[in-house]
Amino acid sequence: MAADTLKATSEPATETRIPRGFQDADEVLPQYHIEAQTSLVERPLRSLKYGEAFAVLDSYGDIGVLPGPEGLYFQDTRYLSRLHVTIEDQRPLLLSSVMQDDNGALSVNMTTPDIRIDAHDETTIPRELIAIERTKFLFKGACYDRIGLRNYDSRHWHLKVAVTFDADFRDLFEVRGMDRPVRGKRSVQVASESEVQFRYAGLDEVVRTTSLHFGPKPEHIEPGRAEFIVSMPPGGRASLFLRAVFESHRAFTSAPAAERVGEDAAAGLSRAAGSSAAPRHPKGLAEGVIFARAYRDSRRDLRQLTAGITTIISSNDQFNEAACRATADLYMLASRTPEGIYPFAGIPWYSTVFGRDGIITAMMALWIDPNFGKGVLRYLASTQAKAVDPAADAQPGKVLHETRRGEMAMLGEVPFRHYYGTIDGTPLFVMLAWEYYAVTGDLETISAIWPALELALTWMDEYGDRDGDGFVEYARDTDKGLENQGWKDSHDSIFHTDGNLAKGPIALCEVQGYVYAAKNGAAKLASLLGHDDLAQRLGEEAHLLRENFDKAFWCEAIGTYALALDGEKRQCAVRSSNAGHALFTGIALPERAASVAANLLSKDGFNGWGVRTIARGEARYNPMSYHNGSIWPHDNALIALGLARYDLKPEASRIFEGMFDTALYQDQKRLPELFCGFMRRHQRGPVSYPVACSPQAWAAAAPFAFLAACLGLEIDHDRNRVRFRNPTLPPFLDGVSIFNLKIGTSRIDLRLQRYGEDVTVNVLRRTGDAQISLLK
């Protein structure tokens, strides 16, 4: 996914010397690398999210029992760092731990182990007599937790249930390994006989609180621990409830720090992206009633969010499970903003707005739900840079890379409060605008954001093209920012054949394709809005760019497009997945497509699961790296769409099949952010990347892009037409049914069936007058 500087590789935080023959000078790893003392895949983790809040839990629903990223987070701060439930001071035995199909809640089934009640006698509870069912969910400023117990023994039991807890209020960047010499002040108090409150007064003059409410009243309560005595007759039941309420507000002070960051902090907190404060309840209302009402309301909220979307059912039950999980992940990551829904990038490290991630996710999901596209366009238009700000890598018209609301961002300890250090977000923004219109015909939204689109086009020419050669290049304006500003933004991801790192300004292969597609799309939008002169100019510029791109980037020696041009316009003649994006955008000349595809699908490029970011055999190839040999589902999805554009459907189908096989080996059949690029081996699954986010928005959207690519699905609102261009289905799919496909006011249900290498299309239901065509 789109990375901030924190998303570099999981290498140690020491200076690392590059092998002889690479750099003459010592290379030092970037400032915001991921510190990986533990792997995110060494044990199953469960994720919940609502708005700007998310929780990372272990399989029991606990937090912080072992070191790791677990916690309850809000606005890039960990509001709960420990939550551990025990029965008679022992951890229950885990029976099952599953996310509900729509990700709305975590359901955990447990039982008691063999328990000795009193060390001085022989009173014991044999295991498996007490059933424990736990349900957890997030909703509007609170995490709700119900622990239900049932006695299947013939005896009456009195059990001690204890909950230990803590709140460290660590900034997310601290959780990832950054040290801070000075922090704010934390305090904790027992607020009542059933409430404990943690309070943190940050250096940014924002007060953050976590209040833990228990029901029924504990037998004993103290800072960090609450104990209950549960009495259960034979067949009896009991329930305990825990509600963790997290809040933040601006402290009223005239301290210099408040003057420095207060205005921005207040603005950030007021735009809480769907994370409205937890509702206030009448005093004395039972926690069980509060839990039941919140659970009911959360279900209604999720149904409202997903109402009317396009759904898929196939002949393959396992693919149906993967598609269901992908859909659920998309809407779990979706956050409501004043401009519409926006898919936050991923959990745990990137649960915030990322421009590039949001755009590409919306592109891949347009035919499922165009509301993602509308929300992303409107939000990025509203946050577009208006002035030159070197500290934020910002210039007028540039689209946001990411925004952070934690204490360190507010204080400027990290530069990501409102950070614009991305070279591709701006052309992708314009590219999405055309694709959104083509599917929806929503000219009202396009008209509303047209000034932002014009600013973006101006930025490409005036700021993006640093040397006036017609290509868009990057070079960071602050040494705190990203060294590389494409989607492969690790410090070592752009290099020459000999392994030496490229020196900027750097023109990336795929970025020129994005600019080409952006200008072509903007030309069509300009024509629709009556700006004929602009439309003609943009079309001519796109045509010239395509010609110049082929001359500058095509590398006959490697049979594909070069990864990039360095500051001296020398090719980085490296075989990479970036060339597949030239197919995706259409900038590749038709006569180059077969060679590019052969390169991507060669044994060096394709490992049996997917296309590697960097081909095996290149100087910096490392299958365990973040960007130099790993495999990213979203990258493969865009490549598949590109292959389909040039009617290379068997190649697209091959990638789809590899990614489906990958999903079968993943927890919950969920495609991760990335995985390692080791060659596929018989009877072994893909090798996981240790700190990959899961779920990840653009990985969740990837299955829908793979399917659309193979089906040749095109939705053309202005022609009132849904077209399937030379459709194919991979071997694992005999048929696919698409329900509630939308075009204008029409709604269509379709069935696509494979007969050998042929695919037929049948209309099951249609309301409206949209036309369905099959082109072979």
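This passage describes the overall build of the protein chain and then a few of its residues.

The model is predicted, so local features need pLDDT of at least 70 and side-chain atom pairs count only at pLDDT 80 or more, while totals for chains, interfaces and linings use all residues. Residues are numbered from 1 along each chain as its sequence is written, and side-chain values use heavy atoms, with hydrogens and water left out.

The protein chain has 16 helices and 34 strands. These elements are DSSP runs (helices: H or I, at least four residues; strands: E, at least two), numbered from the N terminus. The C-alpha trace spans about 85 × 65 × 55 Å along its principal axes. A compact globule of 776 residues would have a radius of gyration near 28 Å, and the 27 Å of the protein chain agrees with this. The radius is taken over C-alpha atoms, and the globule rule is 2.2 Å times the number of residues to the power 0.38.

Of the 776 residues, 62% count as buried. Buried means under 20% relative accessible area, exposed means over 50%, and partly exposed lies in between (1.4 Å probe, protein chains only). The protein chain exposes about 28,800 Å², of which carbon and sulfur atoms supply 49%. Accessible areas come from the Shrake-Rupley method with a 1.4 Å probe; for residues, only the protein chains shown count as cover. Contacts (heavy atoms within 4.5 Å) were also counted. Among those with a separation of 6 or more, 67% join residues 24 or more positions apart.

Helix H5 covers residues 355-364. All of its residues are buried, 10 of the 10, so the helix is largely enclosed by the rest of the structure. Among them are Arg 356, Asp 357 and Met 364.

Three buried loop residues were examined. Leu 729 sits in the loop between strand E30 (721-725) and strand E31 (735-743). Its relative accessibility is 5%, so Leu 729 counts as buried. Beyond four places in sequence, Leu 729 touches several residues, including Ser 653, Leu 707, Leu 752 and Val 759. Glu 757 is 28 residues from Leu 729 in sequence, with 8.0 Å between their C-alpha atoms.

Gln 666 belongs to the loop between helix H15 (649-664) and helix H16 (697-711). Gln 666 is buried, at a relative accessible area of 15%. A polar atom of its side chain lies 3.3 Å from the backbone oxygen of Thr 662. Neighbours within four places aside, Gln 666 contacts Pro 672 and Pro 686.

Gly 559 is in the loop between strand E25 (554-555) and strand E26 (560-561). Its relative accessible area is 13%, so Gly 559 is buried. Gly 559 and Pro 282 are 277 residues apart along the chain, and their C-alpha atoms are separated by 70 Å.

Backbone geometry was examined next. Most residues other than glycine have a negative phi, and most peptide bonds are trans. The peptide bond from Gly 215 to Pro 216 is cis, with omega near -5 degrees. Pro 216 lies in the loop between strands E15 (206-215) and E16 (220-222). The bond from Gly 504 to Pro 505 is also cis, with omega near 0 degrees. Asp 76 has a positive phi, near 65 degrees, and is buried at 7% relative accessibility. Lys 140 has a positive phi of about 45 degrees and is partly exposed, with a relative accessible area of 30%.

Key:
Polar contact = N/O pair within 3.5 Å; in protein donor to acceptor, adjacent residues only side chain to side chain.
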